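Opening the notebook on a new model today.

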Amino acid sequence: LMPIDLNEDGSFMSIIEKLIYQIVKAGISEIFIVVNYRQELIKDYLGNGERYNVRFEYIFQDILDGNGGAFYRCQNKIGNEDVLIADCDNYLSNDNFINNLKLKHEQNKADLTIGVSRVKNITKYAIIKVDENLNPLDIYEKPVDRKQWGNVAKTGVMILSNKLANMDKSISMIESSTTKEAYTTTQIVKHCLMHPDLLKTQICFVDGFFHDTGTWG
């Protein structure tokens with residue numbers, strides 16, 4: 001809910017509101033908001049989505065087992081459609097980016113389309129290794145070897161085909177030092193890149209400024 005931008009009337013727009021605006025602009029009409037900490041504050045502020053011309057449904061993440069865990073709590077509600085996943089602490093300056101991501105995903109009939117951006121500090125992001133043609137090869141969380149991994153970072157915005165979105169959540173599981181097991185969207189990407197014969201993966205570069213506000217500065 002941190003104010004990050006201005007509305008046309010001069011009032012403040014929070015990070016999640018800017019993301020909601022971009023999602024709605026891409027033609028998406030239903031958003032699941034996964035909450036835990038200060039959930040009532042978020043619900044009271046955002047409401048049911050009517051003022052954003054979209055429908056919200058709030059999902060409670062009872063165990064903080066990763067952003068993959070957040071997604072899979074919504075899995076039984078997605079039906080037969082493709083799914084956009086977005087980390088709500090990511091700032092994207094280009095309001096058309098999600099629409100561009102959606103168009104590329106649909107045109108190429110991909111199973112996974114990942115929004116990416118080149119970054120200066122690779123130790124703050126999940127970095128996607130690419131070949132000379134910018135085809136994704138591998139992914140690693142917060143590497144230190146820039147020569148090996150490059151600087152193409154996962155932005156936290158991605159689109160999953162319905163086939164991929166309905167796969168068992170075990171594809172996102174990692175061993176964690178803080179919980180018995182955790183589920184991450186990085187592991188979903190890893191799974192797809194390990195099975196290129198079954199799942200088509202592509203990247204889409206952000207036009208404009210991107211920053212993870214959880215690691216600002």
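Predicted model: local features only at pLDDT ≥ 70, side-chain atom pairs only at ≥ 80, totals over all residues.

**Entry 1: one threonine.** I picked Thr 186, which is found in helix H7, residues 185-194. Is Thr 186 buried or exposed? Its relative accessible area is 5%, so Thr 186 is buried. I then listed what it touches, not counting residues up to four places away in sequence: Ala 126, Ile 139, Glu 141 and Lys 154.

**Entry 2: the cores.** How many residues does the largest nonpolar core have? I get 28, and Ile 20, Leu 46 and Phe 56 are those with the most contacts inside it. The elements giving two or more residues to this core are helices H1 (15-25), H2 (39-46) and H4 (97-108), plus strands S3 (30-35) and S10 (152-160). H1 supplies the largest share of the core, 4 residues. A second, separate core has 23 residues, among them Ile 85, Leu 112, Ile 128 and Leu 164.

**Entry 3: around Leu 46.** I went back to Leu 46 and left aside its neighbours within four places in sequence. Leu 46 is in contact with Ile 16, Glu 17, Ile 20, Ile 33, Arg 51, Tyr 52, Phe 56 and Tyr 58. Two of these residues, Ile 33 and Tyr 58, turn up again in the strands: Ile 33 stands opposite Tyr 58 in S4. S3 and S4 (residues 55-60) run parallel and are joined by 6 bridges. With H2, these strands make a right-handed β-α-β unit.

**Entry 4: rings.** I searched the whole structure for aromatic pairs and found 6. Tyr 52 and Phe 56 form a tilted one, 5.7 Å centre to centre with 35 degrees between the planes. Both of these residues, Tyr 52 and Phe 56, are buried. Why do I log Phe 71 and Tyr 72 as edge-to-face? Their planes are at 70 degrees, with ring centres 4.8 Å apart, and the label applies because 70 degrees is past the cut-off of over 60. Phe 71 and Tyr 72 are both buried as well.

Ring pairs also link Tyr 52, Phe 56 and Tyr 58 into a cluster. Last item: the charged end of Arg 51 sits over the ring of Tyr 45, 5.5 Å from the ring centre. Arg 51 was already in my contact list for Leu 46.

Technical notes. Residues numbered from 1 in each chain as written. Heavy atoms only, no water. Buried < 20%, exposed > 50% of the residue type's maximum accessible area, 1.4 Å probe, protein only. Contact = heavy atoms within 4.5 Å. Core = buried A, V, L, I, M, F, W, Y, C linked by side-chain atoms within 4.5 Å. Pairing = 2+ DSSP bridges. Right-handed = clockwise from strand over helix to strand, strands pointing away. Phe/Tyr/Trp six-rings, centres within 6.5 Å; stacked < 30°, edge-to-face > 60°. Lys NZ or Arg CZ within 6 Å of the ring centre and 35° of its normal.
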